[in-house]
Amino acid sequence: MMKLVHVVGARPNFMKVTPVWRAISKRLSTRQILVHTGQHYDVNMSEVFFTDLGLPEPDHYLDVGSGSHAEQTASIMTGFHGVVSRVKPDLVLVYGDVNSTVAAALVCAKLLIPVGHVEAGLRSLDRTMPEEINRLLTDQISDLLFTPSSDGNENLIREGVNPAKIHLVGNVMIDTLVQLLPKAKDPGSFGLPEKYALVTLHRPSNVDDLTMLRRIVEMLAQISERLKVVFPIHPRTRQRIADFDLRLPGSESFQLREPMGYLGFISLLQSSTVAITDSGGIQEETTFLGVPCLTLRENTERPVTVTDGTNQLVGKDMNLLCRKVDQILEGDQKEGKIPPLWDGHSAERIANVLHDFLN
């Protein structure tokens with residue numbers, strides 16, 4: 001029996017691998033092996049997702065933990081090299097744009113093991129972002145490139161990638177959302193009012209800069225005076241707030257929460273008045289759900305969420321953020337549409353391509 005290895009390491013990867021794993025189980029007679037690098041090792045950032053999503057326990061756990069980009073990437077490469085040397089897979093699938101993605105792809109390229117990249121071709125055109133470097137390198141050394149939207153195909157062709165490697169399949173994140181949305185709880189069970197802003201924040205450009213993080217916190221405090229703010233806080237962001245000795249509002253209208261599992265978070269997201277975020281995945285989910293999204297970044301690797309969806313970039317302009325929130329509260333919000341192939345069947349398309357490739 002052929003062997004196919006999936007590599008995951010960070011929270012967004014878990015939502016992407018789940019539908020692909022299931023689709024392959026139905027389409028191919030292949031032994032699937034799950035490798036968790038341990039890039040996200042906090043219970044609320046990792047383990048709870050295996051429970052929510054119904055993923056099997058990882059076959060191999062590398063336990064790399066935190067560290068600099070170089071340390072983390074090197075640790076993943078060393079650990080993963082040992083795994084593939086023993087397992088000898090026929091194909092490895094990597095997901096997204098985290099360090100685990102590029103590290104595993106590099107190992108496979110050196111060992112001449114075919115690699116498929118799920119969520120290929122996305123570009124922010126900002127090489128100061130570590131994720132952009134991961135995307136560029138992974139796509140150059142992968143054998144199969146599964147793109148979520150047509151701009152991904154255009155980016156890859158512009159970069160000289162053989163078009164035969166590129167497969168427009170749609171967005172596997174939306175597959176998971178479609179499957180689990182019926183299980184999401186009524187947000188009233190969380191004790192929330194009818195209107196609230198849901199906030200996520202973790203990008204280094206926002207949380208590692210004292211001036212920027214202070215400005216964001218101050219503006220969120222202002223927004224909470226007219227709209228309840230719910231803020232499931234990333235461990236990295238909590239640590240930076242503590243390091244910088246920043247004070248968060250202590251009022252009832254500003255609610256700090258621990259990181260949430262997938263089902264709990266989607267419950268809050270689908271009923272929120274607006275999402276304020278720097279996360280790529282939330283830009284996609286809000287577009288599908290029709291929820292207004294204000295992104296605290298100057299650029300996005302998911303431009304389809306801006307051109308087609310409900311996403312708007314506000315960059316570092318906190319006054320613009322405040323004005324956009326006011327507009328949304330007044331009923332003046334951006335109307336969006338769901339991009340092509342974001343229909344809950346992207347993983348099935350991937351499985352069909354893999355069937356032909358492996359046979």
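Tutor: Welcome! This is a predicted model, so local features need pLDDT of at least 70 and side-chain atom pairs count only at pLDDT 80 or more, while totals for chains, interfaces and linings use all residues. Residues are numbered from 1 along each chain as its sequence is written, and side-chain values use heavy atoms, with hydrogens and water left out.

Student: How many helices and strands are in the chain, and what makes a stretch count as one?

Tutor: The chain has 15 helices and 13 strands.

Student: What share of the 359 residues counts as buried, and what does buried mean?

Tutor: The share is 58%. Buried means under 20% relative accessible area, exposed means over 50%, and partly exposed lies in between, with a 1.4 Å probe and protein chains only.

Student: Why is Thr147 called buried?

Tutor: Its relative accessible area is 0%, so Thr147 counts as buried. Thr147 is found in strand β6 (residues 144-147). Leaving out residues up to four places away in sequence, Thr147 touches several residues, among them Ala120, Asn153, Ile166 and Val169. A contact here is a pair of heavy atoms within 4.5 Å.

Student: Why is Asp308 called buried?

Tutor: With a relative accessible area of 18%, Asp308 is buried because that value is under the 20% cut-off. Asp308 is found in the loop between α13 and β13 (311-313). Beyond neighbours within four places in sequence, Asp308 is in contact with Gly336, Lys337, Pro339 and Pro340. The C-alpha atoms of Asp308 and Gly336 are separated by 5.6 Å, although these residues lie 28 residues apart along the chain.

Student: Why is the pair Glu119 and Arg302 called a salt bridge?

Tutor: The term asks for a side-chain nitrogen of Lys or Arg within 4 Å of a carboxyl oxygen of Asp or Glu. The closest N and O atoms of Glu119 and Arg302 are 3.2 Å apart, so the pair qualifies. The pair links distant parts of the chain, 183 residues apart: Glu119 is in the loop between β5 (115-118) and α5 (130-141), and Arg302 is in the loop between β12 (293-295) and α13 (304-307). Glu119 is buried at 7%, and Arg302 is buried at 6%. Both belong to a network of salt bridges that also includes Lys16, Asp97 and Arg203.

Student: How do you know that the buried residues of α15 line one face of the helix?

Tutor: In α15, Ser346, Ala347, Ile350, Ala351, Val353, Leu354 and Leu358 are buried. Seen down the axis of α15, these buried residues fall within an arc of 165 degrees, so they line one face of the helix. The arc is that of the directions from the helix axis to the C-beta atoms.

Student: Why is Leu112 called exposed?

Tutor: Its relative accessible area is 75%, so Leu112 is over the 50% cut-off and counts as exposed. Leu112 sits in the loop between α4 (99-111) and β5. Leu112 has a positive phi of about 60 degrees although it is not a glycine. Most residues other than glycine have a negative phi.

Definitions and conventions:
Helix = DSSP H or I, 4+ residues; strand = E, 2+ residues; numbered from the N terminus.
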